[in-house]
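Please examine the structure shown below.

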Amino acid sequence: MTTNHFVKRLVFVGCLCAVFSARGPAVYGFEPGAKNESVAAPIPQIPKRNLGMKTLGGRQFWGDVSFFHRWRIQKNILTGHFRLLDGDDFRHASGTRKECEDKLDEIKKSLKLPKMSGKAVILIHGIIRSSKSFDKMRERLEAEGYQVFGFDYPSTRIEIEDAAEYLRQCISSLEGIEEISLAVHSMGGLVTRAYLAKHQDKRLKRLVMMGVPNNGARMADKLKRNLLFRAIFGPAGQQLGSHSDGLVPTLPIPEFEFAIIAGGKKNMKGYNPLIPGDDDGTVSVSSARLPGAADFIVVRCLHSFLISNDEVVECTVHF
């Protein structure tokens with residue numbers, strides 16, 4: 001490989017990382033306007049923060065295993081220990097899972113927190129992202145009366161099936177919630193389908209997929225053996241490809257209602273000349289398609305910005 005060729009590959013992988021990490025009308029379907037009339041439970045107040053420290057992030061090393069209102073228990077992928085965080089990411093306990101659960105029980109009693117109930121939406125981010133990328137959509141969904149849970153998982157440190165196990169634990173923890181919908185971006189859609197391959201929950205009602213490579217990502221095929229790509233995107237990055245012997249073709253189609261939002265330029269070229277047909281710079285429109293969808297639209301938007309796009313947010317809330 002020539003030096004010039006190596007530099008081009010390096011720059012390209014860097015651009016791909018930016019696309020994964022970081023507006024126009026729909027083609028058809030999704031008429032925004034309807035509102036959910038349910039009322040979410042009040043957000044619990046925060047008790048005295050005994051540990052007095054806000055987390056520094058590290059979201060690629062922690063995975064959610066339990067939700068209660070705005071509280072969450074997370075597991076560290078490296079050490080195996082747990083921590084209890086409030087809605088502002090302040091730590092209230094650290095140690096074993098039982099120690100965190102016991103501390104949460106104390107907080108429930110001291111604040112007289114109500115049991116969870118009503119309708120909820122779980123937001124599932126893509127690779128190298130976090131639940132923070134859904135902040136705009138979270139605010140909009142909460143304004144409609146939903147209880148919203150931003151699911152975090154160490155997307156670059158574990159395989160997709162392992163991420164699905166974290167999701168299983170979180171869904172199981174939503175005691176009292178009567179109806180669950182999912183809004184997923186990019187690889188988050190594959191994590192959801194991997195969950196559905198082994199688990200079911202009768203409360204699951206609807207799913208919106210945004211920029212999900214349902215038929216595999218051609219760019220992942222091209223970069224699978226690239227050392228920088230492997231280092232940044234980890235084991236899950238190796239599973240994003242479209243090869244017939246890979247993970248993606250084995251994932252099931254959801255049995256409940258789902259809709260798909262794809263990004264693109266609404267022409268035959270798309271944003272990325274290396275991807276055939278229309279695309280959002282990372283995922284092609286054709287790859288986002290999945291049989292059985294209740295609705296499908298294309299929004300003029302790049303992959304990374306789909307979840308903050310005004311039209312995408314409104315369509316998601318409506319569906």
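Six strands form an open sheet in the order E6-E5-E7-E8-E9-E10, with parallel pairing. Strands (E, at least two residues) and helices (H or I, at least four) are DSSP runs, numbered from the N terminus, and two strands pair if DSSP finds at least two bridges between them. At the edges stand strand E6 (147-151) and strand E10 (295-300), each of which pairs on one side only. On average, neighbouring strands of this sheet are turned by 15 degrees against each other, direction ignored; axes are lines fitted to C-alpha atoms, for helices over the stretch in contact, and angles run from 0 to 180 degrees between N-to-C directions.

The model is predicted: local features need pLDDT of at least 70, side-chain atom pairs count only at pLDDT 80 or more, and totals for chains, interfaces and linings use all residues. Residues are numbered from 1 along each chain as its sequence is written, and side-chain values use heavy atoms, with hydrogens and water left out.

Five parallel bridges join strand E5 (residues 119-124) to E6, and Leu123 stands opposite Gly150 in E6. Helix H3 (residues 135-143) lies across E5, E6, strand E7 (179-185) and strand E8 (204-210), running at about 160 degrees to E6.

The whole structure contains zero disulfides, a disulfide being a pair of cysteine sulfur atoms within 2.5 Å.

The protein averages a pLDDT (the predictor's confidence in each residue, from 0 to 100) of 87, and 83% of the residues score at least 70. Over residues 1-15, however, the pLDDT is below 50. Where pLDDT is low, the predicted coordinates should not be read in detail.

Definitions and conventions. Contact = heavy atoms within 4.5 Å.
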